[in-house]
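Student: Can you walk me through this complex? I'd like quick answers.

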Amino acid sequence: MDWVNALVQGTLLGGLYALFAAALSLIFGVMRLVNIAHGDFIVLAAYLGLTVVMSTGLHPLLALSLVVPMMAGFGYALQRGILNQTLGDDILPPLLVTFGLSVILQNLFLEGYTADPQKMDAGLLETASVSLGSLSLGILPLLTFAIAVAVIAGLQFVFYRTALGRAFRAVSDNQEIAQLMGLNKRHIFGLAMALALAVTAVAGVLLGIRTSFDPTSGGARLIYGFEAVIIGGLGNLWGTLAGGVILGVAQTIGAKIDPGFQLLAGHIAFLLVLAVRPNGLFPRVSG
Amino acid sequence: MSAQTHTVSRISQAAKIASVVGAIVLIILVAAPWWAGRADLRLMGELFLYLALASLWNLMAGYAGLVSVGQQAYVGFGGYILFALTIFGGLPPVVAIAGAALLGALIAIPVAALIFRLRGAYFAIGTWVIAEVFRLSFAQLSVLGGGSGSSLPVDIVRSLASSRSGRESLAYWMALGAAVLVITVIYLFLRSRRGLALTAIRDNELAASSLGIDIWRTKFVVYVVTGALTSMLGALIFLQKLRISPDAAFSVNDWTAFVIFIVVIGGIGTIEGPIIGTLIFFALRETLADLGTTYLIVLGVVAIVVMLKAPKGVWGLLRERYDLQLFPLGYRVQQDRKTTD
């Protein structure tokens, strides 16, 4: 029964990892940008959530109503102000600029919030649970997983059913022709980053409710998100959710074997997938 | 007679002067234990180790297009191997340093086979995953202190040299020697046939491949050689520190972020760039280090501005303006002055 429990908890944890990964996947899909600072953006959202909660007394989930637009606005400005200049054939500039951003953000967190771990208090939500047979499922992990499914379904809808999604796919396929058709790619990229950071805002606040975080927490979150993307297969959002679940399950099973083995087990699962199926488990069929 | 109006040379006037100046500077540096104070000696030793790390990262990112944010994997690996081989293997530290290089190459082979499946920027994050796997694995080894780390026993430290000043001089010379070795290896490599292939790949991967260059193999060799030398540097670094812990050994800030900033600011894709970058980095650090986190923010901002406004770095700007190349890698065609009048 313990193992079933580990399996279920890991699956629910995978929802959070899929949220870390969804924005990464979106950005890469639209503009071939791999954002090294992504983990620090997640932590930024958590700190923003913390600040909103402390200054307004709102519940962390309600604080999202402020954190999401703030992060989206930040994303648009960042893309138009800096990141658009780095895009091109050379992969070095975006990589190094986002790496620089990562170091800047971490040190800004240190100055603003000290190195002490912080956590958001969500009251009853953190401890409430429902019983399912002999399993006890926390409401927060269940809610996180449901949000992850909803966010991915929403992104899927935006991508394939709306004019904005058509613009995303157009600039992704061919930037020059998309420009000729009257799309402003700089603006589209800005919107993509805004959408990605809106998702990141949700991920960051949920992270901040679930566990404590500190200025250096970003690196590990970037890695989890990245692993979920690669395990699931590039360019496949539902695959990313599956990748997150596999990673989460590997970690909880690893922790079950030996607590010190938790993170290592996740990385090993990733390396195994990379060795056996380098394109991920569910690569998008390119036609 | 067009054949007589041009001359092809490999070594420019500037390179000749630079080699003479370089030799003189090197002699002065070798003699540093007799003229420099203890603190300066230590600082210069650290500078040389960073110079070597930056030169190696530049070889990977600037020439082979392998942008790694996980070189701390090899720095930490080399450090731990030094501790393991001296404490449990009973080897003298100098032999253990060579052992670290050898084992670094051995471990780099399967790692390369695995992460070369990832392209471009995903390769970068893949290297970081590898570094995390190394860190978590060494944190599991309770014989080496687990998560809290361990210190190098006093008798091993004493075996280097009996007096403190002797040890400090030795550590300095090893750091200087490592930097000279790394830069020489890179220089000779780039002048060799394989180095030419590497430069071709850097300039145009598709064209290089159509000329029959085996891209995977060339990059693989670069990755493994870099892994070996970075492990050697890791062993040297932790021989100076005398204490190792997983967080210090596999620190992404110390062994990768600073190194990347050095290369970007100095000028990526040139041998001279990391040298200038290291000097600028240490000048900034010595003047701004009291500011703590602000210093790192300034460093990040400088790196971003350089990347956006002068992607070839400080050396790139100088080279464009004065047509300089201090390490003669290419050939230069010049018109003879007499006949062009």
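Tutor: Here is a run through the two chains, their contact and a few residues.

Tutor: This is a predicted model, where local features need pLDDT of at least 70, side-chain atom pairs count only at pLDDT 80 or more, and totals for chains, interfaces and linings use all residues. Residues are numbered from 1 along each chain as its sequence is written, and chains are lettered from A and ligands numbered from 1 in the order in which they are written.

Student: What scores does the predictor give the complex?

Tutor: An ipTM of 0.87 and a pTM of 0.89. Chain B averages a pLDDT of 87, pLDDT being the predictor's confidence in each residue, from 0 to 100. In chain B, 95% of the residues score at least 70.

Student: How many helices and strands are in chain A?

Tutor: Chain A has 12 helices and two strands. Those are DSSP runs numbered from the N terminus: helices are H or I with at least four residues, strands are E with at least two. The order along the sequence is α-α-α-α-α-β-β-α-α-α-α-α-α-α. The radius of gyration of chain A is 19 Å, close to the 19 Å from the globule rule for 287 residues, so chain A is as compact as a globular protein of that length. That radius is taken over C-alpha atoms, and the rule is 2.2 Å times the number of residues to the power 0.38.

Student: What about chain B, how many helices and strands?

Tutor: Chain B comes to 18 helices and four strands. A compact globule of 341 residues would have a radius of gyration near 20 Å; chain B has 21 Å, which agrees. The C-alpha trace of chain B spans about 75 × 50 × 40 Å along its principal axes.

Student: How many residues are in the largest nonpolar core?

Tutor: It has 199 residues. A nonpolar core is a set of buried Ala, Val, Leu, Ile, Met, Phe, Trp, Tyr and Cys residues joined through C-beta atoms within 7 Å. Residues with the most contacts inside this core include A:A22, A:A192 and B:L236. Helix α9 (residues 185-210) of chain A gives the largest share of the core, 17 residues.

Student: What does A:A22 touch?

Tutor: Leaving out residues up to four places away in sequence, A:A22 touches A:V151, A:I152, A:L155, A:V199, A:L237 and A:T240. Among these, A:V151, A:I152 and A:L155 are buried residues of α6(A). What covers the buried residues of α6(A) includes α1, α5, β2 (135-138), α9 and α11 (237-257) of chain A.

Student: And B:I97, buried or exposed?

Tutor: B:I97 counts as buried, with 24 C-beta neighbours inside 10 Å. B:I97 lies in helix α6 (residues 93-115) of chain B. Beyond four places in sequence, B:I97 touches B:L82, B:M232, B:A235 and B:L236.

Student: How many residues of α2(B) are buried?

Tutor: Of its 18 residues, the number buried is zero, so α2(B) lies largely in the open.

Student: Last topic, backbone angles. What is phi of A:R32?

Tutor: Near 55°, a positive value in a residue other than glycine. Most residues other than glycine have a negative phi. A:R32 lies in the loop between α1 (2-31) and α2 (38-56) of chain A. A:R32 is partly exposed, with 16 other C-beta atoms within 10 Å.

Student: Where is A:T114?

Tutor: In the loop between α4 (92-113) and α5 (124-127) of chain A. Phi of A:T114 is near 60°, again positive. A:T114 is exposed, with 11 other C-beta atoms within 10 Å.

Methods:
Buried ≥ 20, exposed ≤ 12 C-beta atoms within 10 Å, placed from the backbone. Contact = placed C-beta atoms within 7 Å.
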